[in-house]
Amino acid sequence: MTVAEAASLPAPKARVLAFYLPQFHPIPENDAWWGAGFTEWTNVAKATPLFPGHAQPKLPADLGFYDLRVPEVRQRQAALARAAGIEGFCYWHYWFGNGRRILERPFAEVMQTGQPDFPFCLAWANQSWTGIWHGNPKSVLMEQAYPGPEDEKAHFDWCLPAFRDPRHVTVEGKPLFAIFAPHDLPDAAAFIRHWRRLAEQAGLPGLYFVAISNRYAPDIDPYRNPLVAPFDAVTQLAPQDFIDSLPAGKLARARRILQPQSAGYFARKLLQRRQGQPRRFDFREVVEQAFAGMPEERRFLPCVLTGWDNTPRSGPRGVVYEGSTPAMVGSLLGKAVRRVADHPPAERIVFLKAWNEWAEGNYVEPDAAWGHGFLDAIRAELLPGSEVPPPPPRLS
């Protein structure tokens, strides 16, 4: 779908921003760590079922095993997203301190070429890279550092051309910037004050900061705590918002297993442990419990998880949400859309996790199992009654 064709559609019911993973092209660091030519597809393609009925591997359809250095791929992704009513991509952005970046090429080319003409924003994945994908989580491949104010300014200066780009997603004119791990910042409030001052000096009307809260513990409120208070908005870290909010302790886990489920379910859980299988949860339960505890105020923004199965990365140490379907994802998105319906139009924001995180089993790009099913379900919720456009031409 072209920009002109999109302009003829009614406005979507919410501003859906899909997290976008750039790790679909080789880089020297991954070559050194994992072998020549490593990309996200390496783990995706080698995945195997770990239990009866385990839907692995998950294989792409229309776009194939694409390479994000190819501009036609990025154009087609944008066309598919636009046709579904998704407003823009929220690119995972890596800044490790002292100017150290990684996986920056796809977004750099989006900036340099002006294509695709599709809205975007940035989410700072401020987290050290470890060997967790290959079963060695204690090995640090690249450490996230916070050298201080000078590095903060260098980081801001790198982002400034993106903030000034007319495609950048804004709220009341303020470019949106999300932070993956606000709790890891030495002083989140000081960082935000510094960047707001830099934005003012650069002539911007401000910045709209979003905290991705993952402080799910019995004694910590992930929404109302001093850590996230300086941010303009707060969203969840899915799927940890579900897993980490489950009852803790052996007795609580036993009650959880025994009360709602049958003895057969309990036996299956014991068997999973003995066989070294991944932890498994019913995606229907995730949908039912989604956004529980999230305050109604407009600064709290829902995040829709499209599924989860990180066994391609973590093997039997992974977590699987079983039974995700386009209908369930559509139901979850509808739930999120209703939560923001009373917000001012600019703040009717819903994050989608994710556009293309294939090795973690959360994506909406066409796949071999459902085709365009997830995109169609999203479109049905965001643009109800609109005519389904023809798919973009296949890549040659």
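1. Two residues are in contact here when they have heavy atoms within 4.5 Å of each other. The model under discussion is predicted, and the points below should be read with that in mind.

2. Overall make-up. The protein chain has 14 helices and 16 strands. Of its 396 residues, 54% are buried. Taking contacts between residues at least 6 apart in sequence, 74% join residues at least 24 apart.

3. Helices α6 and α7. Two packed helices are described by the angle between their axes and the distance between the axes. For α6 (149–164) and α7 (residues 188–201), the axes come within 10 Å and cross at roughly 50 degrees. An angle of that size makes α6 oblique to α7. The crossing is right-handed. On the α6 side the contact uses Pro149, Glu152, Lys153, His155, Phe156, Cys159 and Phe163. These meet Phe191, His194, Trp195, Leu198 and Ala199 of α7. By type, the residues of this contact are eight nonpolar, two polar and two charged.

4. Helices α13 and α14. From α13, the contact takes in Pro326, Val329, Gly330, Leu333, Gly334 and Val337. From α14, Gly373, Phe374, Ala377, Ile378, Glu381 and Leu382 take part. The residues of the contact of α13 with α14 divide into eight nonpolar, three polar and one charged.

5. Helix α5. In α5 (residues 105–113), the buried residues are Pro106, Phe107, Glu109 and Val110. Seen down the axis of α5, these fall within an arc of 160 degrees, so they line one face of the helix. An α-helix has 3.6 residues a turn, so residues three or four places apart point the same way.

6. Around the ends of α5. Glycine 114 follows α5 and has a positive phi, near 75 degrees. The peptide bond from glutamine 115 to proline 116 is cis, with omega near 0 degrees. Proline 116 is in the loop between α5 and β3. In the loop between β2 and α5 is leucine 103. Although leucine 103 is not a glycine, its phi is positive, near 60 degrees. Leucine 103 counts as buried because its relative accessibility is 5%.

7. Other backbone features to check. Most residues other than glycine have a negative phi, and most peptide bonds are trans. Phenylalanine 291 has a positive phi of about 70 degrees and is not a glycine. Phenylalanine 291 is placed in the loop between α11 (283–289) and β11 (300–301). With a relative accessible area of 5%, phenylalanine 291 is buried. A cis peptide bond runs from lysine 353 to alanine 354, with omega near 10 degrees. Alanine 354 belongs to the loop between β14 (349–353) and β15 (356–357).

8. Aspartate 232. This residue sits in the loop between β8 (208–213) and β9 (233–236). Aspartate 232 counts as partly exposed because its relative accessibility is 24%, and the buried class ends under 20%. Leaving aside residues up to four places away in sequence, aspartate 232 touches Arg196, Leu207, Tyr208, Phe209 and Arg299. Aspartate 232 and leucine 207 are 25 residues apart in sequence, with their C-alpha atoms 8.8 Å apart.

9. Glutamine 289. Helix α11 contains glutamine 289. At 35% relative accessibility, glutamine 289 counts as partly exposed. Not counting residues up to four places away in sequence, glutamine 289 touches Phe242 and Lys335. From glutamine 289 to phenylalanine 242 the separation is 47 residues in sequence and 7.8 Å in space, C-alpha to C-alpha.

Key. Residues numbered from 1 in each chain as written. Predicted model: local features only at pLDDT ≥ 70, side-chain atom pairs only at ≥ 80, totals over all residues. Heavy atoms only, no water. Buried < 20%, exposed > 50% of the residue type's maximum accessible area, 1.4 Å probe, protein only. Helix = DSSP H or I, 4+ residues; strand = E, 2+ residues; numbered from the N terminus. Arc of directions from axis to C-beta. Axes fitted to C-alpha atoms, helices over the stretch in contact; angles between N-to-C directions. Parallel < 35°, antiparallel > 145°, perpendicular 65-115°, else oblique. Left-handed = near helix turned anticlockwise from the far one by under 90°. Nonpolar A, V, L, I, M, F, W, Y, C, P; charged D, E, K, R; others polar.
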